[in-house]
Amino acid sequence: MDPVEALERIADLLQRVRNARPKVQAFRRAADAIRDVPIDELRTLADAGRLTELTDIGKSSAAVIVEALAGTTPDYLTKLDGSTSPPTDLAGPVRAALRGDLHLHSDWSDGGATIEAMARAAAELGHEYLALTDHSPLVRVAGGLDASRLEEQLDVVAALNDDVAPFRILAGMEVDIHEDGSLDMEGELLGRLDVVVASVHSKLDMEAGAMTKRMVTALANPHVDILGHCTGRLVVGRGRAESTFDAELVFAAAAHLDKAIEVNSRPERLDPPRRLLRIVDESGAKIAIDSDAHATWQLDFQPYGCHRVAEAGLAVDRIVNSWPVEQLLGWTAAHAESG
Ligand SMILES: [Zn+2]
Ligand SMILES: [Zn+2]
């Protein structure tokens, strides 16, 4: 394992899973500190026990570098990985049924990897397709795509599909839901996408009645296929409370409109919570088990969501990303026609 990669991976894990900012920054600075140091020089310093003489290399990062140089997986990384890996006994059969992933980000918005890298990593996990769902403009901190960048991305995706075939990159977007339930992208463009995930990222604490109306309005939009991370909660670090809304009503609307509620697999989200998953089950709505990956390795978050779905006993044929791509595209196209 490359020492820089090891340090970056630790920083990523700490950030995404633990939300531990000072430590994240320390590991990122350590990665930067050795990025341009020739490997032989690094080895010499490691052998002499002098790595900490480099600026920004502390004891923990020095240990990581030494272990990575020795060709072993650093302890720190193993422990982090171990504390975050999901129970696989329950998740296994559901995960095995998945053929794709319908919510993930590339470096066009706030992801860390290229579209092609995400596609190749998804293929390696055994997937047949993914939907590329970078952010819409409202999420400015996340480098959301405006209409012209989205159009540009559509061309790039079309060209990339020739390279990655038979794997399929579906065009998509994680579009923001405005406070009034309208969407943060013009309909004409959304109509050209294969898959649209609609999510709330702002004003998460609005009053329950207004939030219910906001979500139902978004679900009723013919371009929308999937409602992303519905409660917006964060369960690690300082955390974030769930948005409140009438879950029976929202999920019943999804069922009536034949749309899907996302099971967001990110360990810090695990959204919807168990209590709401039971209501999803009763509603009859479809579900999508997505990684919401912002880096290639995060595509492997799906088992967390699979575990939740298995626990709740939801039938596998309700998971839209367990379907062959043609069935999936038929389902999303039917929404557009109903508008
Ligand atoms: Zn989101
Ligand atoms: Zn996302």
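Residues are numbered from 1 along each chain as its sequence is written, and chains are lettered from A and ligands numbered from 1 in the order in which they are written. As the model is predicted, local features need pLDDT of at least 70 and side-chain atom pairs count only at pLDDT 80 or more, while totals for chains, interfaces and linings use all residues.

## Overall dimensions

The protein has 14 helices and 7 strands; helices (H or I, at least four residues) and strands (E, at least two) are DSSP runs numbered from the N terminus. Its radius of gyration is 21 Å, close to the 20 Å that the globule rule gives for 339 residues, so the protein is as compact as a globular protein of that length. The radius is taken over C-alpha atoms, and the globule rule is 2.2 Å times the number of residues to the power 0.38. The C-alpha trace spans about 70 × 40 × 35 Å along its principal axes.

The domain assignment gives domain 1 (3-83) and domain 2 (86-337), with bounds that come from an automatic or database domain assignment. Between the C-alpha centres of domain 1 and domain 2 there are 33 Å.

Of the 339 residues, 45% are buried. A residue is buried if 20 or more other C-beta atoms lie within 10 Å of its own, exposed if 12 or fewer, and partly exposed in between, with C-beta atoms placed from the backbone. Among contacts with a separation of 6 or more, 75% are between residues 24 or more positions apart; a contact requires C-beta atoms, placed from the backbone, within 7 Å.

## The sheet

The 7 strands form an open sheet with parallel pairing, in the order β1-β2-β3-β4-β5-β6-β7. β1 (100-101) and β7 are the edge strands, each pairing on one side only. Two strands pair if DSSP finds at least two bridges between them. The table lists pairings within the sheet.

| Strands | Sense | Bridges |
|---|---|---|
| β3 (168-176) and β4 | parallel | 5 bridges |
| β4 and β5 | parallel | 2 bridges |
| β5 (226-227) and β6 | parallel | 2 bridges |
| β6 and β7 (286-290) | parallel | 5 bridges |

In strand β4 (residues 195-199), 5 of the 5 residues are buried. V195, V197 and S199 point one way from β4, V196 and A198 point the other way, and all are buried. In a regular strand the side chains alternate between the two faces of the sheet. V196 in β4 is the bridge partner of M173, and V197 stands opposite I226 in β5. From β4 the chain crosses through helix α10 (residues 208-220) to β5 in a right-handed β-α-β crossover. Right-handed here means that, with the strands pointing away from the viewer, the path from the first strand over the helix to the second runs clockwise.

Strand β6 (residues 260-264) is largely enclosed by the rest of the structure, because 5 of its 5 residues are buried. A260, E262 and N264 cover one side and I261 and V263 the other, all of them buried. A260 is the bridge partner of I226, whereas E262 stands opposite A288 in β7.

Helix α13 (residues 302-312) lies across β1, β6 and β7, running at about 145 degrees to β7. Axes are lines fitted to C-alpha atoms, for helices over the stretch in contact, and angles run from 0 to 180 degrees between N-to-C directions.

## Loops and backbone details

The peptide bond from A165 to P166 is cis, with omega near 5 degrees, and P166 lies in the loop between α8 (147-164) and β3. D271 and P272 are also joined by a cis peptide bond, with omega about 5 degrees; P272 is in the loop between β6 and α12.

K203, which is not a glycine, has a positive phi of about 50 degrees. K203 belongs to the loop between β4 and α10 and is partly exposed, with 15 other C-beta atoms within 10 Å. D292 has a positive phi near 55 degrees. This residue sits in the loop between β7 and α13, and D292 counts as buried with 27 C-beta neighbours inside 10 Å.

T72, in the loop between α4 (59-69) and α5 (75-84), counts as exposed with 12 C-beta neighbours inside 10 Å. The C-alpha atoms of T72 and D2 are separated by 10.0 Å, although the two residues are 70 residues apart along the chain.

Technical notes. Contact = placed C-beta atoms within 7 Å.
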